[in-house]
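Subject: The structure for you to look through

Hello,

Here is the structure I promised to pass on. Please open it first, and then read my notes below beside it.

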Amino acid sequence: MNVAKLAAPGVQHLVPYKPGKPIQELQRELGIDNITKLASNENPLGPGELAKKAIANNLHELGFYPDGGAFELTQALASKHHVDSDWVTCGNGSNDVLVMLAEAFLTPNDAAVMSQYAFAVYHIATQAVGATSIIVPANGPDHDMPYGHDLKAMGEAVDDNTKIVFIANPNNPTGTWLSESSLRDFVSKLPSEVLIVIDQAYVDYGSAPDYGDVGSWVKEFPNLLVTYTFSKIHGLAALRSGYSISHPGVADYLNRVRQPFNVNTVAQVASLAALEDHTHVQRSRDLNAAGLNSLRAICDELDLQYAPTQCNFLLVDCGRPAQPLFDALLKLGIIVRPVDNYGLPNHLRISTGTESQNDALLGALRRVLG
Ligand SMILES: *Cc1c(COP(=O)(O)O)cnc(C)c1O
C-alpha cells in the first residue's frame with residue numbers, strides 16, 4: 001500500500017504543529033523534577049479559584065455527554081459581547097474554530113491569505129482541506145513592528161480565489177500587533193465577499209494605547225469573525241476552550257461542521273466561571289506586566305534584542321543560531337521555544353513566568369551565554 005498516495009493531497013505536504021516541549025518529557029530525559037517551562041504562553045498562575053471550584057463541582061457529570069450547544073457558556077459569552085447567542089461559536093480551543101472555518105469555507109480551489117510568521121495553525125488548517133495559503137512577507141527586522149503583519153501587502157495579496165484572511169492580533173510567535181485604526185481601515189476596505197478572521201488569543205494582555213478588542217465590529221462587518229481563547233490569560237489550556245463572535249450567517253456554517261460535543265463539560269463550566277473571575281484576570285495581567293519587565297531587563301543585561309509585544313511572551317533575537325542555546329537551557333531544566341519552524345532560526349520565544357521562574361531563566365541564560 002502506498003500511504004503517501006492514499007493521503008489527501010493537502011495533507012501530503014503538511015508539517016504537523018510543533019508544540020512546546022512538555023515538562024514530563026524533559027523530566028523523563030533528565031531525571032530531575034524542578035523544571036521551568038516558559039514555552040507555551042501558559043498562565044504561570046494556572047486557572048483561578050472560581051474555575052477550579054467549578055471543575056471540582058462537576059466531576060460527577062463526566063459520565064454524560066456534554067451539552068452539545070454549550071447553552072450557559074454561550075449565553076454568558078453573548079452577554080459579554082453584547083450580541084445574541086447565535087453570534088457565538090464555541091470550540092474545543094479556538095484552534096477548533098480555525099479548523100471549522102477552513103472546513104466550512106475553503107475548498108481546493110480557494111485560498112487563504114496570512115502573514116509570514118503568523119500563528120502556524122492558519123496554514124495547517126488551510127492545507128488540510130487542500131486549499132492554498134498565500135503567505136505575505138511580513139515587516140522586516142528593522143521595522144518598528146519587526147516581523148509583524150504588513151496589512152497593505154496582505155490587502156494587495158487578496159485575489160479572486162481568496163475566501164479568508166487570517167490576522168493574529170497580537171501575533172504569536174512575534175508578539176507584534178496592529179493598531180486599531182490600521183485594522184479598521186483594512187477591514188472596511190476589503191471586499192465584503194472575503195471573510196476576515198481576527199485571532200485575539202492574547203487580547204486581555206494588550207495594554208498599548210493603540211491596541212484594542214475589535215469584537216464589537218462584527219455588528220458592522222458581516223464578513224468579520226473574531227476568535228478568543230480560555231487557554232491563555234484564563235489559564236485553562238488543558239481543557240481546550242475557545243470561541244468566536246461573528247454574524248450568525250457565518251456562525252451557522254461553522255455550526256454545520258462543528259462536532260456535536262466539541263466542548264467538554266469541564267471546559268464549559270470552568271470557562272463560564274473564568275468569565276466571572278475578574279480578580280484572577282487582573283492578577284494575571286499584573287504578573288505578566290512584571291514578567292515582561294523582568295524578561296526585558298534580562299535581555300538588556302545580556303545584550304539581546306527583542307520585538308515589541310502585547311502578549312505574555314517575548315520574541316528574543318539571540319544574534320546566532322538559537323537551537324544550541326535552547327538545548328543548553330534544556331540541560332539546566334529550562335524549556336523555552338525555538339521558532340526555527342517559523343523561519344526564525346536565531347530567535348527564541350520566551351513566555352513570562354513567576355518571579356522565581358524568571359530568576360531561574362536569568363541564571364540559566366547567564367550560564368549559557370557567559
Ligand atoms: C495560543 C493561541 C491560540 C489558542 O489556541 P487554543 O486552541 O484556544 O488553545 C490561538 N491563536 C493564537 C495566535 C495563539 O497563540
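Let me start with a question: which backbone nitrogen does a side-chain oxygen of Asn264 reach at the start of α11? The nitrogen is that of Val266, and the oxygen comes to within 3.0 Å of it.

Before going on, please keep in mind that this is a predicted model, where local features need pLDDT of at least 70 and side-chain atom pairs count only at pLDDT 80 or more, while totals for chains, interfaces and linings use all residues. Residues are numbered from 1 along each chain as its sequence is written, and side-chain values use heavy atoms, with hydrogens and water left out.

**Helix α11**

Helices (H or I, at least four residues) and strands (E, at least two) are DSSP runs, numbered from the N terminus. Helix α11 covers residues 265-276, and its 12 residues should span 16 Å at 1.5 Å a residue; the expected span is 1.5 Å times one less than the number of residues. The end C-alpha atoms are 17 Å apart, which agrees.

Buried means under 20% relative accessible area, exposed over 50%, and partly exposed in between (1.4 Å probe, protein chains only). In α11, 10 of the 12 residues are buried, so the helix is largely enclosed by the rest of the structure. Among them are Thr265, Val266, Gln268 and Leu275. The buried residues pack against α4 (49-57), α5 (71-80) and α12 (278-302), with contact meaning heavy atoms within 4.5 Å.

**The nonpolar cores**

A nonpolar core is a set of buried Ala, Val, Leu, Ile, Met, Phe, Trp, Tyr and Cys residues joined through side-chain atoms within 4.5 Å. The largest one has 51 residues, of which Val165, Ile167 and Ile198 touch the most other members. Helix α11 gives the most to this core, with five residues. A second, separate core of 32 residues includes Ala118, Ala120, Tyr122 and Leu195.

**Helix α7**

Why is α7 (residues 121-128) described as largely enclosed by the rest of the structure? Six of its eight residues are buried, including Val121, Tyr122 and Ile124. Their cover includes α6 (94-105), β4 (132-136) and β5 (162-168). After α7 comes Gly130, with a positive phi near 80°.

**Aromatic rings**

Rings of Phe, Tyr and Trp (its six-membered ring) pair if their centres lie within 6.5 Å; planes under 30 degrees apart count as stacked, over 60 as edge-to-face and the rest as tilted. The structure holds nine such pairs. One of them joins Phe230 and Tyr243, and it is tilted, at 5.9 Å centre to centre with 40° between the planes. Phe230 lies in the loop between β7 (224-229) and β8 (242-246), and Tyr243 in strand β8, so the pair ties together parts that are 13 residues apart in sequence. Both residues are buried. Elsewhere, Tyr17, Phe119, Tyr122 and Phe166 form one aromatic cluster.

A charge sits over a ring if NZ of Lys or CZ of Arg is within 6 Å of the ring centre and within 35 degrees of the ring normal. Arg256 lies over the face of Tyr253, 4.2 Å from the ring centre, and the charged end of Arg349 sits over the ring of Phe313, 5.5 Å from its centre.

**One last residue**

Asn171 is in the loop between β5 and α9 (180-189). Asn171 is buried, with a relative accessible area of 0%. Not counting residues up to four places away in sequence, Asn171 touches Tyr117, Ala118, Phe119, His149, Thr176, Cys311 and Phe313.

Happy exploring!

Technical notes:
A polar contact is a pair of N or O atoms within 3.5 Å; within protein, one must be able to donate a hydrogen and the other to accept it, and residues adjacent in sequence count only if both atoms are side-chain atoms.
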